[in-house]
Amino acid sequence: MKLVDGRPDNNEGRKDKEIRVYDLLDSLGISYQRIDHEEAMTMEACGEIDRILSSGLEKNVAICKNLFLCNRQETEFYLLLIPGDKPFKTKDLSAQIGSSRLSFAKPEYMEKYLDITPGSVSVMGLMNDKDKNVQLLIDEDVLADEYFACHPCINTSSLRFQTSDLVDKVIPAMGHDPKTVKL
């Protein structure tokens, strides 16, 4: 596994949803690095990936937890970005967003709104949410880091780019207004 600049040299064996992520980043003029790896289904599996994503930088870069949540009625959906080592308590988040009884949303909603499957959840999936069914929630600690890491809608590659590009270019291009939370 090694860190390389930009998109793959060719699209062979790549899914359309992954290529759409590279197309978006390239169209926005965002500089990013990529690592291809074995399927990473858990935060623990991302440890070695994080180490490589951090190479050449003064501070460690870590893929954040991306939690796809919904209210009890399954009428409101949320994508929460939170540091991987930070505990998540639904009560704390519910109070901040005015929604009771949050739980993990069913995989079919994840696929329907974000074109993502479990283990591949990423902020980049919001590019597929044209009807704005999902509210983006970002823990303030994620925004404090210089670099941001995520999957490009598949969990066999990971990306690193500046957090300022996420906030100033990527999220606005996807048309979502994030809400900052403190957990």
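This is a predicted model: local features need pLDDT of at least 70, side-chain atom pairs count only at pLDDT 80 or more; totals for chains, interfaces and linings use all residues.

Colleague: Okay, in what order do the strands of the open sheet come?
Modeller: The order is S5-S3-S4-S6-S9, five strands with mixed pairing.

Colleague: Which strands stand at the edges?
Modeller: Those are S5 (103-104) and S9 (179-181). Each has a single partner strand, so one side of each has no neighbour in the sheet.

Colleague: And how do S3 and S4 pair?
Modeller: They're antiparallel, with six bridges. Phe 68, for instance, has Leu 79 in S4 as its bridge partner, and Asn 66 sits opposite Leu 81 in S4.

Colleague: What about the hairpin of S3 and S4?
Modeller: There are six residues between the two strands, and one of them, Glu 74, takes a positive phi near 60°.

Colleague: How does S4 run relative to S6, parallel or antiparallel?
Modeller: Parallel, and five bridges join them. Tyr 78 has Gln 135 in S6 as its bridge partner.

Colleague: How many residues of S4 are buried?
Modeller: Six of the six, so S4 is largely enclosed by the rest of the structure. On one side you have Phe 77, Leu 79 and Leu 81, and on the other Tyr 78, Leu 80 and Ile 82, so to speak a strand with both faces covered, by the rule that buried means under 20% relative accessible area.

Colleague: Switching topic: which residues touch the most other members of the largest nonpolar core?
Modeller: Phe 68, Val 123, Met 124, Phe 148 and Phe 161, out of 37 residues in that core. Elements giving two or more residues to the core include helix H1 (16-27), strand S3 (65-70), strand S4 (77-82) and helix H4 (107-114). H1 gives the most, with five residues.

Colleague: Is there a general reason behind that, or why do such side chains end up together?
Modeller: In soluble globular proteins, nonpolar side chains tend to be buried together.

Colleague: Back to Phe 68: what is it in contact with?
Modeller: Leaving aside neighbours within four places in sequence, its contacts include Phe 77, Leu 79, Phe 104, Tyr 109, Met 110, Leu 114 and Val 134.

Colleague: And where does H4 lie?
Modeller: H4 lies across S3, S4 and S6, running at about 105° to S3.

Technical notes: Residues are numbered from 1 along each chain as its sequence is written. Side-chain values use heavy atoms; hydrogens and water are left out. A nonpolar core is a set of buried Ala, Val, Leu, Ile, Met, Phe, Trp, Tyr and Cys residues joined through side-chain atoms within 4.5 Å. Buried means under 20% relative accessible area, exposed over 50%, partly exposed in between (1.4 Å probe, protein chains only). Helices (H or I, at least four residues) and strands (E, at least two) are DSSP runs, numbered from the N terminus. Contact means heavy atoms within 4.5 Å. Two strands pair if DSSP finds at least two bridges between them. Axes are lines fitted to C-alpha atoms, for helices over the stretch in contact, and angles run from 0 to 180 degrees between N-to-C directions.
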